[in-house]
Amino acid sequence: MGKVIGIDLGTTNSCVAVMDSGDPRVIENAEGGRTTPSMVAFTESGERVVGQPAKRQAVTNPENTLFAIKRLIGRRFDDANVKKDQALVPYAIIKGDNGDAWVSAGKEKYAPSQISAFILQKMKETAESYLGDKVTEAIITVPAYFNDSQRQATKDAGKIAGLDVLRILNEPTAAALAYGMDKEKSAGTIAVFDLGGGTFDISVLEIGDGVFEVKSTNGDTFLGGEDFDARIMDYLADEFKKEKGIDLRSDKLALQRLKEGAEKAKIELSSSGQTEVNLPFITADSSGPQHLNIKLTRAKLEALV
């Protein structure tokens, strides 16, 4: 029997691990990273790229680069959150044959579970390359607040990727299990907050005699790092418009570069009090090329979010 892998299918990044001699081991991908961007892109030549290569070409191919697909999985097209997402992403969100939210890219239309399957396939390949063996079984984590339809769509994605999904595990429960592995003698009630790229949830768990019982769980499937990035993007676009009189929101290419700049600034502000977003040749008008150069402080970021 082959090994069972654990996959954290995230909104922004995904990760795969395996039990190695009794200890969990996160497996590095082909690029050497412990996490893989949850992105799928379709190039002009019709090639499909997943992970870091997809992220690298996102600036020049925004309409065919799909990201944050987890926010659409198992949702109806007329869902208010889908409408909100349509305003935030450069790719087309369309109504599927079954009334669900689908996406259009590379002249084809896809269900979110198909796109998630491409990401899961990449994680499966990462594990197989490390183990030197075929992998057919997996446990996949989902936000605690996911409903039945979202959980089923995640299971479907696993099936499409060639995986038998043994269990769908709540992300906060997975975190609590990892935390409790070294503290099996402890007992009591704990709260686990999980703030990810696109989801935020909390679970209250009771631990006793090595048994974890989820007492209560709640969350927001539409709040996370992607929203922080969007706030920073809005701020940068507003400041640029004030200074240059050009609205970058109408240029999908500029918007993609703004997104990258916003994410980089957010990460830098985790360890420093101030950063500079510098995006040369962001756009052009009759007077020539225009550059964006805006200072952002941690205090300003905290005020924005």
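Contact, in what follows, means heavy atoms within 4.5 Å. Good morning, colleagues. The model before you is predicted: local features need pLDDT of at least 70 and side-chain atom pairs count only at pLDDT 80 or more, while totals for chains, interfaces and linings use all residues. Residues are numbered from 1 along each chain as its sequence is written, and side-chain values use heavy atoms, with hydrogens and water left out.

Let me begin with the division of the chain. Domain 1 covers 5–169 and domain 2 covers 225–304, with bounds that come from an automatic or database domain assignment. Taken over C-alpha atoms, their centres are 27 Å apart.

I turn to the interface. Here 14 residues of domain 1 are in contact with 10 residues of domain 2. The area buried between the two domains is about 1100 Å², that is, the accessible area (1.4 Å probe) that two parts lose on being put together, summed over both. Carbon and sulfur atoms give 57% of that area.

What is the count of salt bridges between domain 1 and domain 2? The count is three, where a salt bridge is a side-chain nitrogen of Lys or Arg within 4 Å of a carboxyl oxygen of Asp or Glu. A salt bridge also joins the side chains of R71 and D227, at 2.5 Å from N to O. By class, the side of domain 1 that touches domain 2 has seven nonpolar, three polar and four charged residues; Ala, Val, Leu, Ile, Met, Phe, Trp, Tyr, Cys and Pro count as nonpolar, Asp, Glu, Lys and Arg as charged, and the others, Gly among them, as polar.
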